[in-house]
Amino acid sequence: MADVSRRGALTLGALGLAGLIGGPVGFVVLFSGGGANAGSCDGGGASVDASGLPERVGDFAGEQLKNAALIMGAATSLKLPVAGQIIGVQAAIGESTLKVIDFGDGAGPDSRGLFQQRANGAWGSYTDRMDPTISATNFFKVLKGIEGWESLEPSRAINRVQRNQDPDHYTRFRAPALAIVQGLSGTAIEGGTCTDPGASVVGQLSGKWVHPLPGAQMTSGYGPRGMVGSIGGALANFHYGIDFSTPGQAGTVLAVTDMKIVIATDTDGGTGSGTHVKGQTLDGKLTIGMYHMASGSLRVKAGDTVSAGTPLGTEGSTGNVTGRHTHIEFFTGKFDDPWVPVNPTTDPLPILKEKGVL
Ligand SMILES: [Zn+2]
């Protein structure tokens, strides 16, 4: 796990959010960083880079990034790790697109502010709910009170605070939240989750390649397809990976080559990627995702380094799918949290053919 550096940030001890001064976009937040280790639950959060907020991160700019900085500051003041900062930003994107909105919605007409907090007394006064720092602080206080929030799938953790209907509602805001926290801190964040980090090396690393799901048939290729709408924030009319399905009974999903596991998420949810594993090849050229495995079947942890052929989990049908299969996605480059369509994918088929696997 790489330490998140304090590059460019002024450290002001435990003071937390210490001041607002003019900067490139008229706003700079200075607050304590601590020696954050994003992959564990120790240490403070990431500092906002004191040289100024970026003008834009993905679809977010200006006011939205100021609010994200205030959310990160509120987390730091409560001594929450980077994982907490990302969760806070992720929640606020899902609730308000990081804008302090003075209106609610059908489910909560009295909801207000960045976190759409209700007027039920639990979230303070109207003024509190409209204040970025106070509303974020109140969000984080509830999050901190949830036993084991660090090991919950992030959208599920947010759902426990927000008590919204769909526990996977926030999943698609994970990648932009991670991008924002990285963009504002000026540092790469590894993993971004706060689960018990694995550190095992499984098997003999050899650089070999194996079939990801022995006995399975390829059922769908990479590229355009005839679907409408979106899946997990990605357009449904493009298939960003390839699918394998094993006839008869569920197969075992294997690491196609030696890789460092960066994400191992177990969820029985019916949206998004379901139970999935993402790993980086040791040469850093590819990040490989394997999705929709059976809940409870994962055999690796984020942080583990596994050799080609290591069983990762069992083929399943978790996430937004219609039947049991494994969706495999290749991202070009080294990503801690690859996400379609934010990160570039490539067709796995020619690579698997070149490696003699298919
Ligand atoms: Zn697929």
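Entry 1, Glu153. I looked up Glu153 and found that it counts as buried, because it has 22 C-beta neighbours inside 10 Å; a residue is called buried if 20 or more other C-beta atoms, placed from the backbone, lie within 10 Å of its own, exposed if 12 or fewer, and partly exposed in between. I place Glu153 in the loop between helix 4 (132–144) and helix 5 (154–162), where helices are DSSP runs of H or I with at least four residues, numbered from the N terminus. Leaving aside residues up to four places away in sequence, I find that Glu153 touches Thr265 and Thr267, contact being C-beta atoms, placed from the backbone, that lie within 7 Å. I also note that Glu153 and Ala264 are 111 residues apart in sequence and 9.9 Å apart in space, C-alpha to C-alpha.

I am reading a predicted model, in which local features need pLDDT of at least 70 and side-chain atom pairs count only at pLDDT 80 or more, while totals for chains, interfaces and linings use all residues. I number residues from 1 along each chain as its sequence is written.

Most residues other than glycine have a negative phi. I looked at Leu98, whose phi is near 65°, and at Gln116, which has a positive phi of about 50° although it is not a glycine. I find Leu98 in the loop between helix 2 (82–96) and helix 3 (126–129), and Gln116 lies in the loop between helix 2 and helix 3. Leu98 is buried, with 28 other C-beta atoms within 10 Å, and Gln116 is buried, with 24.

I checked helix 1 (residues 63–77), whose 15 residues reach 21 Å from first C-alpha to last, close to the 21 Å expected at 1.5 Å a residue, the expected span being 1.5 Å times one less than the number of residues. I find 14 of its 15 residues buried, and just after helix 1, Lys79 takes a positive phi of about 60°.

I find that the axes of helix 2 and helix 6 (residues 174–185) come within 8 Å and cross at roughly 125°, the axes being lines fitted to C-alpha atoms over the stretch in contact, with angles from 0 to 180 degrees between N-to-C directions. That makes helix 2 oblique to helix 6, since angles under 35 degrees count as roughly parallel, over 145 as roughly antiparallel, 65 to 115 as roughly perpendicular and the rest as oblique. I list among the contacting residues Val82 and Ile93 of helix 2 and Arg174 and Val181 of helix 6.

Technical notes
Helices (H or I, at least four residues) and strands (E, at least two) are DSSP runs, numbered from the N terminus. Two residues are in contact if their C-beta atoms, placed from the backbone, lie within 7 Å.
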